[in-house]
Structure formats: structure tokens, C-alpha cells
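Please look through the sequence and the structure shown below before reading on. The paragraphs that follow begin with a single residue and then widen to the elements around it.

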Amino acid sequence: MTSADFKSLARSFPETEQHPHFDRIAFKVAGKRIFATLHEKTAIANLKLTPVDQSAFCTFGKKAVFPIPNKWGLQGWTSFELKKVPHELMLDALNVAYSGVVNSRRKKK
């Protein structure tokens with residue numbers, strides 16, 4: 001998986017927009033809620049997962065998928081080293097992150 005592959009996958013979800021976010025690219029649903037970010041130089045993506053989903057994806061391998069090592073990680077934000085992650089796993093993780101943000105957005109309405 002490359003950064004270009006990741007960007008293409010992330011943008012394929014409905015109402016997804018790409019915006020600058022500090023030293024990263026943020027992928028937002030309808031321009032509001034971030035479900036993923038990408039640091040292109042290191043080819044590391046961070047996805048907004050629940051802690052339960054985070055623990056499931058981290059079973060793939062600690063050197064490829066791991067919690068962000070701070071308070072964000074305790075909330076479920078998870079790093080994926082794109083070069084070490086297969087396309088199918090990344091697509092599944094993006095779907096979970098996207099769905100979680102969309103569903104939480106609907107609950108607030």
C-alpha cells in the first residue's frame with residue numbers, strides 16, 4: 001500500500017473531502033469530522049477507531065498497526081504503516097473508521 005493508494009481509498013467514501021491538517025492530510029466526512037489522516041513522508045495513516053476496533057486491528061502486527069502513543073491512542077486513534085499493511089486490511093479499517101464517524105454524526109442530529 002502506498003500513500004497514493006491510501007488517498008484514493010479514503011476519498012472513495014461518500015462525502016469525503018481531503019484537507020491539510022498540520023503536517024498531514026485529513027480525510028473528513030462532509031468537511032467536518034476527521035476519520036483518517038495521512039503523513040505522506042513516512043507513509044503512516046492514522047484512523048479514528050473505537051478502542052475495541054483498535055485492539056482487533058492491532059492483532060495484525062505491532063510493527064504495522066499500533067495505537068498512537070498518547071491520549072489520542074487511548075481514544076482509539078490507530079497508526080497504520082502503509083508499506084506493511086495489505087490493501088484489504090486497510091480498506092476494512094477505513095470502512096470501520098468512516099462508518100464510526102458517520103454514525104456518530106447521525107446520532108448528534
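Leaving aside its neighbours within four places in sequence, Gln54 is in contact (heavy atoms within 4.5 Å) with Leu49, Pro67, Gly73, Gly76, Trp77 and Thr78. The side chain of Gln54 also reaches the backbone oxygen of Gly73 at 3.0 Å, which is a polar contact in the sense of a pair of N or O atoms within 3.5 Å, where, within protein, one atom must be able to donate a hydrogen and the other to accept it, and residues adjacent in sequence count only if both atoms are side-chain atoms. With a relative accessibility of 8%, Gln54 counts as buried, a word that here means under 20% relative accessible area, while exposed means over 50% and partly exposed lies in between (1.4 Å probe, protein chains only). This is a predicted model, in which local features need pLDDT of at least 70 and side-chain atom pairs count only at pLDDT 80 or more, whereas totals for chains, interfaces and linings use all residues. Residues are numbered from 1 along each chain as its sequence is written, and side-chain values use heavy atoms, with hydrogens and water left out.

Gln54 belongs to helix α2; helices (H or I, at least four residues) and strands (E, at least two) are DSSP runs, numbered from the N terminus. In α2, which spans residues 51-58, Gln54 is buried together with Phe57 and Cys58. Seen down the axis of α2, these buried residues fall within an arc of 100°, so they line one face of the helix, the arc being that of the directions from the helix axis to the C-beta atoms.

Strand β3 (residues 33-39) is mostly covered, since 6 of its 7 residues are buried. On its other pairing, β3 is joined by 4 bridges to the antiparallel strand β4 (residues 44-48), with Ala36 opposite Leu47. How many residues lie between β3 and β4 in their hairpin? There are 4 residues between them, and Ala43 in the turn has a positive phi of about 55°.

Strand β4 has 4 of its 5 residues buried, so it is largely enclosed by the rest of the structure. It is joined by 5 bridges to β6 (residues 77-81), which runs antiparallel to it; across this pairing Leu47 stands opposite Thr78 and Lys48 stands opposite Trp77.

Finally, we come to the nonpolar core, a set of buried Ala, Val, Leu, Ile, Met, Phe, Trp, Tyr and Cys residues joined through side-chain atoms within 4.5 Å. Of the 30 residues in the largest such core, Phe6, Phe35, Leu47, Phe80, Met90 and Leu94 touch the most other members. At least two residues of this core come from each of α1 (3-11), β2, β3, β4, α2 and α4 (87-108), and α4 gives the most, with 8 residues.

Key
Two strands pair if DSSP finds at least two bridges between them.
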